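The sequence and the structure are shown first.

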Amino acid sequence: LRRICVSRWPREDSAALVGNAWLDFLDRNLESESFSQGVGKVLIEAPYQPDPKFDVDALLALCVEWIGALPEPVEGETK
């Protein structure tokens, strides 16, 4: 997701975001709280857990939904 973001938005808008700020950024694309309050929260929690338990299929579906909701790039637009 981060690679997609830095290819679509200026680096300063997404590359340095961490924690809840990162999840809030992802939520804005879906106009929901699926990352900050739902299964997507695992993106910032799992790296600090020895054996994280989460719904892999739900997380994958959320990521696919997020990618599908991306606005089309504007012709000639530069980052």
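## Aromatic cluster

Trp9, Trp22, Phe25 and Trp66 are linked by ring pairs into a cluster. Rings of Phe, Tyr and Trp (its six-membered ring) count as a pair if their centres lie within 6.5 Å; planes under 30 degrees apart are called stacked, those over 60 edge-to-face, and the rest tilted. The model is predicted: local features need pLDDT of at least 70 and side-chain atom pairs count only at pLDDT 80 or more, while totals for chains, interfaces and linings use all residues. Residues are numbered from 1 along each chain as its sequence is written, and side-chain values use heavy atoms, with hydrogens and water left out.

There are three aromatic pairs in the structure. One of them joins Trp9 and Phe25 edge-to-face, at 5.3 Å centre to centre and 80 degrees between the planes. Trp9 lies in the loop between helix H1 (2–8) and helix H2 (11–14) and Phe25 in helix H3 (residues 19–30), so this pair ties together parts 16 residues apart in sequence. Helices (H or I, at least four residues) are DSSP runs, numbered from the N terminus. Trp9 also forms a tilted pair with Trp66, at 6.4 Å centre to centre and 50 degrees between the planes. Here the link is between distant parts of the chain, since Trp66 belongs to helix H5 (residues 56–68), 57 residues from Trp9.

## Burial and the nonpolar core

Trp9 is partly exposed, at 21% relative accessible area, whereas Phe25 is buried at 8% and Trp66 is buried at 0%. Buried means under 20% relative accessible area, exposed means over 50%, and partly exposed lies in between (1.4 Å probe, protein chains only).

The largest nonpolar core has eleven residues, among them Trp22, Phe25, Leu62 and Trp66. Such a core is a set of buried Ala, Val, Leu, Ile, Met, Phe, Trp, Tyr and Cys residues joined through side-chain atoms within 4.5 Å. H3 and H5 each supply at least two residues of this core, and the largest share, five residues, comes from H3.

## Charged side chains

The charged end of Arg2 sits over the ring of Trp22, 3.8 Å from its centre; this requires NZ of Lys or CZ of Arg within 6 Å of the ring centre and within 35 degrees of the ring normal.

The count of salt bridges is one, a salt bridge being a side-chain nitrogen of Lys or Arg within 4 Å of a carboxyl oxygen of Asp or Glu. Lys53 and Asp51 form this bridge (2.6 Å, N to O), and both residues are exposed.
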